[in-house]
Amino acid sequence: MSVPTASVTKVTSVPLGGRTQPRTELSAAEARRLALHAQGMIGVPDRRAGVKGMLHGLGAVQLDTISVLARSHELVPYARLGAVGREAVEKAYWNHEAHGASTFEYWAHAACILPVEEWPTFAYRRADYRRRENGGWGMATSSETTATVLGKLRDLGPCTTADFGGARKSAEWWDWSDTKIAVEKLLATGDVVCVERRGWRRVYDLPERALPKPVLDAPELTVEEAHIRLLALAGARLGVGTIGDLADYYRLKIPDAKPLMDRTGLVPVTVRGWTQPAWADPAALDLLASGGPRGRHRTTLLSPFDSLIWERGRMERIFGMVHRIEAYTPAAERVHGYFAMPLLAGGKLLGRVDPKREGKTLIAKKVSLDSPTAARPMAEALREAASWVGCDNVVVELVTGTGEAELRAELA
């Protein structure tokens, strides 16, 4: 689908840090296009760069244990690149060359996989965990246990949770062993690192053994330097956003970010319909001024943990959809389903579906559509998703709202 030519109107100028910069006014549609482009949802995907290129473009991919269609870290590249092989996804994230890791796992927006170049950026967060009582986990462990974990890593090499005693699942939640608590604290403080997974289990290692030497030798950023860098990166990856949007991308806790904004390189803007001022990536504004972004919109199902829709207030502002993850809501109280996935088509969110797999059948347990015209893209997205996960049949159980007859006819 072609993207209409954008028009950018300069409306005023404001002083920033002793300089005068133009304040740009964007329409809601322009802001939405910038967001989609920044997140890789417009245009032909760069398959040569693959999943690694996508990860560098997004800056972070959230990890989660829920798997109904696939795990969220698989759904994110699928949404952008199409039916990329699932083995290729795993290899891009966790299989590394002898010279050192290209990624690592850390607490960013949540538990995320990150490009290894950002290891020095998060030094301030690792230091913060060291300062907290019990590492901020609320679970105490002894210095002897910590020493045992580090000694085992030094002597045996990379270890999984099973090597440390693992996590015993109980009726409450996770009944962690002392060694599991210790290694997770060490992960937070950066004394150990995870650069690989085996069968979804983290493989822990020592940073000096797992990470490339140039990354270890790179200067660590101060808190302020890290905040400025991460706000700027968030701006590039969101296209445009409020301070709250930008801070949420990496879950930055900044009492007052305004004094930092003129050092990020982002441009202050207003977006029609938004109640708060925003900042945009200058490259994105240049793209608008030149008549872009251009290209075809992706039609796909989104993980609720996709960075396009991480911040729910922003999701509502940009796409007009109120969405909540209901996996932890009692079944009787769910509105859209356990793992409802929004449908993205034509640059808009047109409905959602709660999927599950049974053998070779993809079951749409509950579908909601905004209009009958959303039936065709929903059918297209369901068929493509089914093929990707190895299903050869799609069954729709319940359709709410409108478009049920159209959807069933499209899938027939």
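Here, buried means under 20% relative accessible area, exposed means over 50%, and partly exposed lies in between (1.4 Å probe, protein chains only). The model is predicted, so local features need pLDDT of at least 70, side-chain atom pairs count only at pLDDT 80 or more, and totals for chains, interfaces and linings use all residues. Residues are numbered from 1 along each chain as its sequence is written, and side-chain values use heavy atoms, leaving out hydrogens and water.

**View 1. Arg251 in a loop between two helices.** Look for Arg251 in the loop between helix H12 (243-249) and helix H13 (258-261); helices are DSSP runs of H or I with at least four residues, strands are runs of E with at least two, and both are numbered from the N terminus. Arg251 is not a glycine, yet its phi is positive, near 50 degrees. With 41% relative accessibility, Arg251 is partly exposed.

View 2. Trp200 has a positive phi of about 75 degrees, although it is not a glycine. Its relative accessible area is 21%, so Trp200 is partly exposed.

**View 3. A cis peptide bond at Pro293.** The bond from Gly292 to Pro293 is cis, with omega near -5 degrees. Pro293 sits in the loop between helix H14 (282-289) and strand E14 (300-301). Most residues other than glycine have a negative phi, and most peptide bonds are trans.

**View 4. Helices H6 and H8 packed together.** Helix H6 (residues 143-156) and helix H8 (residues 178-189) pack at about 75 degrees, with axes 9 Å apart.

How values were computed:
Axes fitted to C-alpha atoms, helices over the stretch in contact; angles between N-to-C directions.
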